[in-house]
Amino acid sequence: MPPSEGDMQKTFTLATIVIHFVHPLLCVVNYLDWVRNQEEQLGQRIVNTYLALTILASVMYLMVASVFYMWAYRWPLPEEYARQRRINGVIVNLIFCDIPIFAIEVDIIWTVGVVNGLQGSCFVWTCLSFAYSGFRAWFHFMTQIIKATKPPQQLAGLPTMDGGYGARPAPPQGTLRHRTAADMYSAPSSAGVTSAQIAAAARTSPAPTPTPLPYGNSLPPTGVGAAAGGIVPNTSGPSFGSYG
């Protein structure tokens, strides 16, 4: 059984939670185990900066980004709302955690290289978190810019009347110049009424009452038999001619 739309949204949100939770946790462990003891190699400024950025990353994740993630995880539908809440958390984490930690760890790697496994693992996870957040934020902004700069309908590559692609689009469905099989017996309405609605109204409307003839439902009798029976045609009305 394929996963539902809500399950897919929960999976994406859970993956984001795990990636961004492990990152500041590794930074804290890396500082306590290695960075704080490297004042001679790194300098006091780098050690203090790493501590400050680690605290900032942890606080922003716990107080801001995780709130958006849990909000999206708790209510995965509608999909647009869950995606927007998740991207809000990703952008917060990118600005206050991924970019600062990535910059300082690149400087540390450039200065002393990879010293132990914990430092190397922390740097790898920092690169993973930064790449994930950066790609998600870039994709989001790219999508928003495309939606905001959507070209007019006649320039969006729609087929034209002559079969080509240009600035003269084909008439919309249901107009007099573009009729489909469903519209063959109904005229388009300028008020937005579709042909299906017109056909349904025609089926449910009562049939018109026929106008009675002067002689009931039969034609007027003519000839000798009619005169013998005492039936005199109505000569004051229009003449029907002979039906004999």
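What share of the contacts in the protein chain with a separation of 6 or more is accounted for by residues 24 or more positions apart? The share is 59%, where contact means heavy atoms within 4.5 Å. Welcome to a predicted model, in which local features need pLDDT of at least 70, side-chain atom pairs count only at pLDDT 80 or more, and totals for chains, interfaces and linings use all residues. Residues are numbered from 1 along each chain as its sequence is written, and side-chain values use heavy atoms, with hydrogens and water left out.

**Overall build**

- The protein chain has 7 helices and 0 strands; helices (H or I, at least four residues) and strands (E, at least two) are DSSP runs, numbered from the N terminus.
- Of its 244 residues, 27% count as buried, a word that stands for under 20% relative accessible area with a 1.4 Å probe, protein chains only.
- The accessible surface of the protein chain is about 16,200 Å², and 66% of that belongs to carbon and sulfur atoms (Shrake-Rupley method, 1.4 Å probe).

**Nonpolar cores**

- The largest nonpolar core holds 13 residues, and Val35, Leu42, Tyr50 and Ile108 touch the most other members; such a core is a set of buried Ala, Val, Leu, Ile, Met, Phe, Trp, Tyr and Cys residues joined through side-chain atoms within 4.5 Å.
- Helices α1 (5-33), α3 (44-74) and α4 (79-112) each give two or more residues to this core, and α3 brings the largest share, 4 residues.
- Leaving out residues up to four places away in sequence, Val35 touches Asn30, Leu42, Val47 and Tyr50.
- A second, separate core has 11 residues, including Ile17, Met60, Ala65 and Ala137.

- His20 is found in helix α1 and is buried, with a relative accessible area of 0%.
- Not counting residues up to four places away in sequence, His20 touches Tyr61, Tyr69, Val90, Asn93, Asp98, Ser129, Tyr132 and Ser133.
- Glu105 is found in helix α4 and counts as buried at 5% relative accessibility.
- Apart from neighbours within four places in sequence, Glu105 is in contact with Cys27, Asn30, Tyr50, Cys122, Phe123 and Thr126.

**Pocket and cavity**

- Both kinds of space are found on a 1 Å grid over the protein atoms alone: a cavity is a set of points where a 1.4 Å probe fits but cannot get out, a pocket is an open set with protein on both sides within 12 Å along at least five of seven lines, and lining residues have an atom within 4 Å of a point.
- The largest pocket has a volume of about 370 Å³, a volume being the space filled by probe spheres set on the points.
- Of the 17 residues lining this pocket, Arg83, Arg136, Phe139, His140 and Thr143 are the closest to its centre.
- Helix α5 supplies the largest share of the pocket lining, 8 residues, and the lining divides into 5 nonpolar, 6 polar and 6 charged residues (Ala, Val, Leu, Ile, Met, Phe, Trp, Tyr, Cys and Pro are nonpolar, Asp, Glu, Lys and Arg charged, the others, Gly among them, polar).
- There is 1 cavity of 30 Å³ or more, and the largest cavity holds about 40 Å³ of space.

Note on methods
Buried < 20%, exposed > 50% of the residue type's maximum accessible area, 1.4 Å probe, protein only.
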